[in-house]
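Me: I'd like to go through this model with you. Can you take my questions one at a time?

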Amino acid sequence: MIVETKVKAINCLHFINGSFVESQNKKFFQNINPATEEVIGTVAEGGKEEVDFAVAAARRALEGSWKKMTQVERSKILRKIGDLILERQEELALLESLDTGKPVALANKIDIPRAAYNFHFFADYMTSVGNDAYQQDDQAIHYSYRRPVGVIGIIKPWNLPLLLLTWKLAPALAMGNTVVIKPAEWTPMTATVLMEICKEAGVPDGVVNLVHGFGPNSAGAAISEHPDVNAISFIGEPSTGTAIMKSAADSLKKLSYELGGKNPNIIFADSNLDEVIDTTIRSSFVNQGEVCLCGSRIYVERSIYEEFVEKFAAKVRELKVGNPLADGTDVGALVSKEHYERVNSYIEIAKNEGANIVTGGKRPEGVSKGYFLEPTILTGLDRNSRCVREEIFGPVVTVTPFDMEEEVIMQANDTHYGLSATIWTNDLKRAHRVAHQIEAGIIWVNTWFLRDLRTPFGGMKHSGIGRTGGMHSLDFYSELSNITIKL
């Protein structure tokens, strides 16, 4: 069955100071559906001029009605945004699927509800936290006072466009900041609709602004360089993070980075193999493997290695690859031609490095259009292989046997990345022991992608800077002053 809907793709304009506007130079670029390779709309191409207008609007809004609102009033607006996202869930899920190539059922189940929950969570959380206060004997009382950072630049990725944008936007607004957003050029539509939702929910003009465009020498660079942008929240690849850091250095902006991952999935022989395989299917290939948390390096204790590979490959071959709008599709299209070619290049690298392609590695049979790739399992690669060391960010995983606990810990940590890891074992002492030695910001034991939004999230090494979630998010999006009252 194909999803039937009246929702159409949209042409995307900038949203500045409460209004949708074209670029000053009237330039547009095409929005391509990765599942059909067809043009589905146009996107205004912004640059420095549009960013200047947006930052100026955001700066003015910092001193307007937004500043005068109470915490409870802002909380009500955040909750309303979440409610309106759910009211337009079907529309947003379809737009997300058309932009990214992901199955619409996945967007409907995960992306859109979670985007709404991000606002609902911070609407509640912002009113439940307090600040520090200390009495210094009979000399003084010290207390902290929290204020917004100012204008926040949010540069968001293409893989989970609405979910990850709302994960940053909600706490930024909760703390009274104003924002300038640059969505990924490949996935502009849900961010554009979110601007309509923010306006309807009562966000004052200028508080939330959106500039479409590209990164280097364009809108992204203009945001990171702008002297009146006080902080940058970025999700993307490390090389882009490096460029943003360099351009932000002159104005000493606060930075929050969530970058790439090459995450180990460690499977000990005492684990429940059927449970492991069911979850590993998801942690390897959900969203076409285009999730920074996917476990792309699978390490299996040698005594169960062959059994695991056989059962895992059999389950992977059952996954349905194809039309994202069709009922039952498990794996959709990769996001763009450029990314499709990049992922395929790694399969060629793997072949040259002597890999055994257990399954996948090619376009599905009978599919002539769209950027589709069968879920791919590689074995026979050593630890120095590029496919083991570099982030592929697609439906491609490597599987490697190990003998000793110390050996797999060493291999898991032998990477520039440190975002997440998964450990499978029924030995409680081993679970703690191994988890404490893995260099990653989030470590799951006998599960994957289980999140509590109060907990810290972020990466080590090249996987990021700082932590988000709960109080960690509010700390980044606010400035603390200590006030001392002499008694």
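Me: Where is the kink in helix 5 centred?
Reply: On Arg114, with a bend of about 25 degrees. The bend at a residue is the angle between axes fitted to the seven residues ending there and the seven starting there. Helices here are DSSP runs of H or I with at least four residues, strands are runs of E with at least two, and both are numbered from the N terminus. This is a predicted model, in which local features need pLDDT of at least 70 and side-chain atom pairs pLDDT 80 or more, while totals for chains, interfaces and linings use all residues. Residues are numbered from 1 along each chain as its sequence is written, and side-chain values use heavy atoms, without hydrogens or water.

Me: And what span does helix 5 reach from its first C-alpha to its last?
Reply: Helix 5 covers residues 104-125, 22 residues in all, and reaches 30 Å, close to the 32 Å expected at 1.5 Å a residue. The expected span is 1.5 Å times one less than the number of residues.

Me: How many bridges join strand 6 to strand 22?
Reply: Nine, with strand 22 being residues 478-486. Tyr143 has Ile483 as its bridge partner, and Ile141 stands opposite Ile485.

Me: Which other residues have a positive phi without being glycine?
Reply: Among them are Asn217, at about 55 degrees, and Asn446, near 60 degrees. Most residues other than glycine have a negative phi.

Me: Where do those two sit?
Reply: Asn217 is in the loop between strand 9 (208-210) and helix 8 (219-225). Asn446 is in the loop between strand 19 (442-445) and strand 20 (460-461).

Me: Is Asn217 buried or exposed?
Reply: Exposed, with a relative accessible area of 81%. Asn446 counts as partly exposed at 26%. The cut-offs are under 20% for buried and over 50% for exposed, with partly exposed in between (1.4 Å probe, protein chains only).

Me: On to rings. How many aromatic pairs are in the whole structure?
Reply: A search finds 16. One of them is Phe476 with Tyr477, edge-to-face, at 4.9 Å centre to centre and 80 degrees between the planes. Rings of Phe, Tyr and Trp (its six-membered ring) pair if their centres lie within 6.5 Å; planes under 30 degrees apart are stacked, over 60 edge-to-face, the rest tilted. Phe476 and Tyr477 are both buried.

Me: Which residues do ring pairs link into a cluster?
Reply: Tyr117, Phe121, Phe122, Tyr125 and Trp167.

Me: What charged end sits over the ring of Phe476?
Reply: That of Lys254, 5.0 Å from the ring centre. Arg430 likewise sits over the ring of Phe268, at 4.2 Å. The test is NZ of Lys or CZ of Arg within 6 Å of the ring centre and within 35 degrees of the ring normal.

Conventions. Two strands pair if DSSP finds at least two bridges between them.
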